[in-house]
Amino acid sequence: MTDTTTPSATPSQPAPYAGLRVVEFTHMVMGPTCGMVLADLGAEVIKIEPIGHGRHGDATRQLIGSGAGFFPMFNRNKKSLALDLETVEGKEAVLRLIATADVVSENFKSGTMRKLGLDYASLKALNPRLIYVSHKGFLPGPYEHRTALDEVVQMMGGLAYMTGRPGDPLRAGTSVNDIMGGVFGALGVMASLAQREKTGLGQEVQSALFENNVFLMAQHMMQFAVNGQAAAPMPARISAWGIYDVFKVKDDAQIFLAVVSDTAWGVFCNAFGFADLKADARLHTNNDRVRNRDWMMPLLRERLAAWSAHELAAVFEQHGLPFAPITRPHELLNDPHLQASGGLSPITLPDGRSAPAVLLPFTLDGQRPGIRLSPPRLGEHNAVLLAELGYSPAEIDALSHPKDGVTPA
């Protein structure tokens, strides 16, 4: 089988984690995100996918609706090794592979990896240098037995309360804890790699949805600790800034506008000819404007309503004032900044179609970490990986074709 590569995205110099081998037992978003980060940074990430007994690899391959983007987004730059771990032969193959690995990553329910003999305690004896990262709902404690989802921890961790209107908790519009939990898992791996350079030994890393969510809420928790004032939901908060809001303008369009300093207030008033507001003593400082939002904001909404969103954006951009169009996610595929700055790179989907993928949000020496491999087809790398482990063609065929007839694509 041949890799579905994207040669144009190949970096011009060795990636930071080139030569690092990661074996992952992951599904959904959190665990795959960790592997994607390491893979984008050059690691060889081998995704173990279950076959046999009616299983057809990572279940997210078949998701529709809001889950349709999970597999192609979070499994690029990875290889797929499809095995039946419930057989002695499949288990032996994966143990041979782990003996060659630097990192194992997993995000299955507590006890699943132990039943397979693939928990950290078992694998540490096989490979003392191994770094083992687990992605869970909760770190060890009273809640660790619970089943967690991103939405569950958003509700219990304050994020839904802060996002929605009072009395109407609302989850954030993305899998924020799954994604960031995976990023923190990768950060733990990076710290462990640095530690291994000093000690020669690996260690276990744990990352969790709930604790990640609490970290995101820490500023609001600290607010209460500092001044005794409980944070209000974002739609009902007393803003720190006089103008920091969405405006409905010409043709029922919307645009976010912000004026967050006294200097900016003067620039704003001059730009729009609001000399009366600039001279109004009630609006001289930002705190004055916050205190007078009840009459100031309706007045500004009335004055700006005749402008189009495009016209307002042009004035704000000309004068260096913060603004933002209200953009739907799919519209970002055509965003001129993302396209010009290299924030999107093409991948080949497992069904053969091409799609733009969002790259990691940072540069290294001026370059965004790129795409070497498109999301793999199920079992795409069985032949080459198992051959490296010493299996014969006949043995590879047997491992890749479970007795119940379920075959990698």
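**Entry 1: a salt bridge to start**

I began with E151, which forms a salt bridge with R171, the closest N and O atoms being 3.4 Å apart. I count a salt bridge when a side-chain nitrogen of Lys or Arg is within 4 Å of a carboxyl oxygen of Asp or Glu. E151 sits in helix 6 and R171 in the loop between helix 7 (159–163) and helix 8 (176–199), so this pair links distant parts of the chain, 20 residues apart. I took helices (H or I, at least four residues) and strands (E, at least two) as DSSP runs, numbered from the N terminus.

I note that this is a predicted model, where local features need pLDDT of at least 70, side-chain atom pairs count only at pLDDT 80 or more, and totals for chains, interfaces and linings use all residues. Residues are numbered from 1 along each chain as its sequence is written, and side-chain values use heavy atoms, with hydrogens and water left out.

My cut-offs are under 20% relative accessible area for buried, over 50% for exposed and partly exposed in between (1.4 Å probe, protein chains only).

I found 24 salt bridges in the structure. In one of them the side chains of K78 and E24 meet at 2.9 Å, N to O. K78 belongs to strand 4 (residues 78–83) and E24 to strand 1 (residues 21–25), 54 residues apart. Both K78 and E24 are buried.

Next I looked at D58 and K47, whose side chains meet in a salt bridge of 3.0 Å, N to O. D58 lies in the loop between strand 3 (55–56) and helix 2 (70–74) and K47 in strand 2 (residues 44–52), so the pair ties together parts that are 11 residues apart in sequence. D58 is buried, and so is K47.

I listed the buried residues of helix 11 (residues 262–272) as A264, W265, G266, F268, C269 and F272. What covers them includes strand 8 (243–248), strand 9 (254–259), helix 12 (275–279), helix 13 (286–291), helix 14 and helix 15, with contact meaning heavy atoms within 4.5 Å. Just after helix 11, G273 takes a positive phi of about 70°.

R303 lies over the face of F274, at 5.1 Å from the ring centre. For that I need NZ of Lys or CZ of Arg within 6 Å of the ring centre and within 35 degrees of the ring normal.

**Entry 2: the hairpin**

I then followed strand 8 and strand 9, which pair in the antiparallel sense over six bridges; strands pair if DSSP finds at least two bridges between them. The two form a hairpin with five residues between them, and D251 in the turn has a positive phi of about 60°. F247 stands opposite I255 in strand 9, and R301 lies over the face of F247, at 4.9 Å from the ring centre.

I found A306 in the loop between helix 14 (293–304) and helix 15 (309–318). A306 is exposed, with a relative accessible area of 59%.
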